[in-house]
Amino acid sequence: MSGQPTLDEFEAVLRRHDSATLALEEWCSSRGIADPARITAQSVSAAGNDPPRSMRSKLDLDPGETFAMRNVELRCGQTVLSVAWNWYVPSRLTPEMNETLRRSDTPFGKVVAPLRFRRRPLEIVPGRAENCPKGTISTHLAMLVLPDGRPLAYLIECYTTANLAGRR
């Protein structure tokens with residue numbers, strides 16, 4: 001890619017991947033945003049970020065199952081490419097995966113990749129949706145679904161204007 005990237009080019013990269021992390025790594029690498037093009041997840045304060053209504057039914061929780069939430073900035077180098085909320089079912093992950101999510105900057109998609117999830121897009125909102133930061137160019141709502149069809153996670157992803165900056 002050369003010149004100023006377009007939103008259509010960015011959205012095409014997102015559509016090619018079940019994992020937003022892998023899509024952002026590809027985008028970061030092709031745009032020269034950072035070297036190496038490694039995506040990290042920096043925790044953001046979760047104050048005031050209540051789950052959407054009906055989260056228990058969205059995640060198809062069994063009696064006694066609970067969900068957790070991870071609110072992060074996905075960064076390539078120091079550049080924030082996305083602010084994301086991820087409500088997920090810890091009991092559907094291994095204990096090691098849960099520990100990695102608690103203690104590291106590894107993005108959710110990388111941690112749970114061995115589960116072979118698939119992304120089910122729910123809605124793409126042009127620009128900024130509710131609770132997304134100023135400068136959001138596109139908001140994605142999606143489910144990550146396990147191979148047996150059970151939901152793994154419900155996502156809200158707010159992609160930033162940094163994705164459309166010229167090549168570094």
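Visitor: What volume does the second largest pocket have?

Guide: Before the answer, a word on the model. This is a predicted model, where local features need pLDDT of at least 70 and side-chain atom pairs count only at pLDDT 80 or more, while totals for chains, interfaces and linings use all residues. Residues are numbered from 1 along each chain as its sequence is written, and side-chain values use heavy atoms, with hydrogens and water left out.

Now, the second largest pocket has a volume of about 150 Å³. Its lining is made up of 13 residues, and Leu 14, Arg 15, Arg 119, Pro 121 and His 140 are the closest to its centre. (On a 1 Å grid over the protein atoms alone, a pocket is an open set of points where a 1.4 Å probe fits, with protein on both sides within 12 Å along at least five of seven lines; lining residues have an atom within 4 Å of a point. The volume is the space filled by probe spheres set on those points, which are joined across faces, edges and corners.)

Where does the lining come from? At least two residues each are supplied by helix H1 (7-15) and by strands E4 (118-126), E5 (136-145) and E6 (151-160). Helices (H or I, at least four residues) and strands (E, at least two) are DSSP runs, numbered from the N terminus. Sorted by class, the lining has seven nonpolar, four charged and two polar residues. Here Ala, Val, Leu, Ile, Met, Phe, Trp, Tyr, Cys and Pro count as nonpolar, Asp, Glu, Lys and Arg as charged, and the others, Gly among them, as polar.

The side chain of Arg 16 meets that of Glu 26 in a salt bridge (2.2 Å, N to O); the term means a side-chain nitrogen of Lys or Arg within 4 Å of a carboxyl oxygen of Asp or Glu.
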